[in-house]
Each structure stands twice: as structure tokens, then as C-alpha cells.
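Let's take a walk through this protein together.

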Amino acid sequence: MKKLALALVVTMASSLCAVAASDVTKSPPAAPYQQVSKLVKLPDFLPGMGQLFVDPATLPAGPFLAYDHDGKLVSTIYMLPIKDLNPDKRFDELAAPGGNVDHVDVYYNAGHPGVEEPHVHVVLWHVSAADEARVAK
């Protein structure tokens with residue numbers, strides 16, 4: 001009987017973990033994520049990126065979760081400071097909370113509210129290149 005109860009608890013716990021992991025696929029994601037436009041002076045929706053959410057404790061690198069106009073997760077973005085791209089610093093195990101990654105873009109950014117210093121955007125796209133248009137405007 002104890003084994004059956006333990007198996008039931010383990011099954012329920014793993015089911016809850018699976019549900020929690022999928023919570024990021026729809027906007028808004030659960031805490032500790034917060035809408036970036038409520039943290040810094042940025043628009044609610046950034047063309048080319050989408051509506052961004054981040055756990056403030058992970059700044060400046062992130063991950064930032066990016067959603068389209070329908071509230072669907074399209075990408076996970078890391079903003080890695082240029083000054084930290086050196087032999088003394090590593091960015092290991094960059095997670096993709098939204099699951100599968102279709103392709104990756106990497107590009108320079110001179111800085112913006114929230115991440116003022118020059119940095120590199122590492123964009124883990126969860127949608128196809130054709131579907132990136134969902135956040136183009």
C-alpha cells in the first residue's frame with residue numbers, strides 16, 4: 001500500500017512539473033517572470049522581438065521569454081554583455097524554457113533600457129524562420 005501511495009505521489013509530482021514547464025508557452029509566464037516593459041522604459045511589444053518577460057534576478061543575461069501578439073512563445077533571448085565575453089567568463093547550460101529550438105540568431109546590440117551596456121543577443125527561436133514574422137510588427 002505504501003509503495004502504491006508513493007508511486008501516486010511521484011506520478012502527480014512529475015505531472016505538475018510537466019505542467020509548470022509548459023507554463024512558459026503562453027503569455028504571461030508564471031512568477032518569477034515579469035513583463036520587461038513594467039520594469040524598464042520599453043514598449044510592451046518590440047518589433048522583431050515581441051513582448052518580453054524576464055526573471056529580474058537573472059539580469060542582465062536573462063533568459064528573456066518573447067511572445068507574439070497572440071501570446072505564444074516564439075523565442076528565448078539571452079543578452080550577454082560584451083565585457084563578459086572573455087576567457088575568464090563562461091555562459092554554460094543556457095536553457096531553452098520553451099522547449100525545442102528551431103534555429104539560433106546571434107547579433108550585437110549597443111545597449112537599451114534594462115541592458116544599457118553593449119551586449120550580444122543570442123536568440124533561441126522556438127518557431128521556424130518563416131514564423132519569425134509573427135513578431136516582425
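This is a predicted model: local features need pLDDT of at least 70, side-chain atom pairs count only at pLDDT 80 or more; totals for chains, interfaces and linings use all residues.

**A guided tour**

Let's begin at Ala-95, which sits in the loop between strand 4 and strand 5; helices (H or I, at least four residues) and strands (E, at least two) are DSSP runs, numbered from the N terminus. Ala-95 is partly exposed, with a relative accessible area of 41%. Here buried means under 20% relative accessible area, exposed over 50%, and partly exposed in between (1.4 Å probe, protein chains only).

Residues are numbered from 1 along each chain as its sequence is written, and side-chain values use heavy atoms, with hydrogens and water left out.

Now step back to the whole protein. It has 2 helices and 6 strands, and along the sequence they follow the pattern α-β-α-β-β-β-β-β. Of the 137 residues, 36% are buried.

Next, the charged pairs. Side chains of opposite charge can pair when their charged atoms come close. The whole structure holds 4 salt bridges, each being a side-chain nitrogen of Lys or Arg within 4 Å of a carboxyl oxygen of Asp or Glu. In one of them, Arg-134 meets Asp-68, with the closest N and O atoms 2.9 Å apart. This pair links distant parts of the chain, 66 residues apart: Arg-134 is in the segment after strand 6 (119–125), and Asp-68 is in the loop between strand 3 (64–67) and strand 4. Arg-134 is partly exposed at 29% relative accessibility, whereas Asp-68 is buried at 4%.

Lys-83 and Glu-117 form another salt bridge, at 4.0 Å from N to O. They too link distant parts of the chain, with Lys-83 in the loop between strand 4 and strand 5 and Glu-117 in the loop between strand 5 and strand 6. Lys-83 is exposed, with a relative accessible area of 56%. Arg-90 and Asp-92 also pair, at 3.0 Å from N to O. Salt bridges that share partners join Lys-83, Asp-84 and Glu-117 into one network.

What lies inside? There are 2 cavities of 30 Å³ or more. On a 1 Å grid over the protein atoms alone, a cavity is a set of points where a 1.4 Å probe fits but cannot get out, and lining residues have an atom within 4 Å of a point. Grid points are joined across faces, edges and corners, and a volume is the space filled by probe spheres set on the points. The largest cavity has a volume of about 40 Å³, and its lining includes Val-36, Leu-39 and Phe-64.

The second largest cavity also has a volume of about 40 Å³. Among its lining residues are Val-36, Asp-44 and Gln-51. Helix 2 (36–39) and strand 2 (51–54) are the elements that give two or more residues to this lining. Gln-51 itself belongs to strand 2 and is buried, with a relative accessible area of 18%. The C-alpha atoms of Gln-51 and Gly-71, 20 residues apart along the chain, are separated by 8.2 Å.

Methods. On a 1 Å grid over the protein atoms alone, a cavity is a set of points where a 1.4 Å probe fits but cannot get out, and a pocket is an open set with protein on both sides within 12 Å along at least five of seven lines; lining residues have an atom within 4 Å of a point.
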